[in-house]
Amino acid sequence: MPRPWLPLYCADYLAATRDLDPPEHGTYLLLLLHSWQHGPLPDDLDRLCRVAAGSRPQTVRYVLERYWVRGPEG
């Protein structure tokens, strides 16, 4: 069941993302929100680009490598 809210600690978010450009911020937030509601992200780059509102594949890859750990689910 999707969780209706996400605790977002602004100081922590900004400390961890200060060097991201605007498209990277958008990609990170959209992937974060998707994983919060649906669990582990799918292991499908095309799908993740769509989840991140058409983000470029290299942006999605960069954000994934920086903020996610690949688990058995993807």
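Let's start with S35, which counts as buried at a relative accessibility of 14% (buried means under 20% relative accessible area, exposed over 50%, and partly exposed in between, using a 1.4 Å probe and protein chains only). S35 sits in helix α2 (helices are DSSP runs of H or I with at least four residues, strands are runs of E with at least two, and both are numbered from the N terminus). If you skip its neighbours within four places in sequence, S35 is in contact with R3, L41 and W68 (contact means heavy atoms within 4.5 Å).

A quick word on what you're looking at. This is a predicted model, where local features need a pLDDT of at least 70 and side-chain atom pairs count only at pLDDT 80 or more, while totals for chains, interfaces and linings use all residues. Residues are numbered from 1 along each chain as its sequence is written, and side-chain values use heavy atoms, with hydrogens and water left out.

**Into the core**

Stay in α2 and you'll also find L31. L31 counts as buried because its relative accessibility is 0%. Not counting residues up to four places away in sequence, L31 touches L41, L48, V51, A52, V60, V63, L64 and W68. Y28 has its own set of partners: leaving out residues up to four places away, Y28 touches Y13, T17, L20, V63, Y67 and W68.

Both residues turn up again in the largest nonpolar core (a set of buried Ala, Val, Leu, Ile, Met, Phe, Trp, Tyr and Cys residues joined through side-chain atoms within 4.5 Å). That core has 13 residues, and the ones touching the most other members are Y28, L31, L41, L48, V60 and L64. Helices α2, α3 and α4 are the elements that each give two or more residues to this core. In soluble globular proteins, nonpolar side chains tend to be buried together.

**One side of α4**

Now look at α4. T59, V60, V63 and L64 are buried there. These four cover an arc of only 130° around the axis, so they end up on the same side of α4 (the arc is that of the directions from the helix axis to the C-beta atoms). An α-helix has 3.6 residues a turn, so residues three or four places apart point the same way. And what do the buried residues of α4 pack against? Their partners are α2 and α3.

On the α2 side, the contact is made by P23, E24, T27, Y28 and L31, and on the α4 side by T59, V60, Y62, V63, L64 and Y67.

**Two salt bridges**

How many salt bridges does a search of the whole structure find? The count is 2 (a salt bridge is a side-chain nitrogen of Lys or Arg within 4 Å of a carboxyl oxygen of Asp or Glu). In one of them, the side chains of R66 and D19 meet at 2.8 Å, N to O. This pair links distant parts of the chain: R66 is in helix α4 (residues 57-67), D19 is in the loop between α1 (10-17) and α2 (22-38), and they are 47 residues apart. R66 is partly exposed at 31%, while D19 is exposed at 53%.

D43 and R70 also join their side chains in a salt bridge, again at 2.8 Å, N to O. D43 lies in the loop between α2 and α3 (45-51) and R70 in the segment after α4, so this pair ties together parts that are 27 residues apart in sequence. D43 and R70 are both exposed.

**Out on the surface**

A53 is found in the loop between α3 and α4 and, at 66% relative accessibility, counts as exposed. Its phi is near 55°, a positive value in a residue other than glycine. Most residues other than glycine have a negative phi.

D12, found in helix α1, is exposed at 53%. R50, in helix α3, is exposed at 52%. To finish, here are some C-alpha distances to get your bearings.

| Pair | Apart along the chain | C-alpha separation |
|---|---|---|
| L31 and W68 | 37 residues | 9.9 Å |
| D12 and E65 | 53 residues | 19 Å |
| R50 and A15 | 35 residues | 27 Å |
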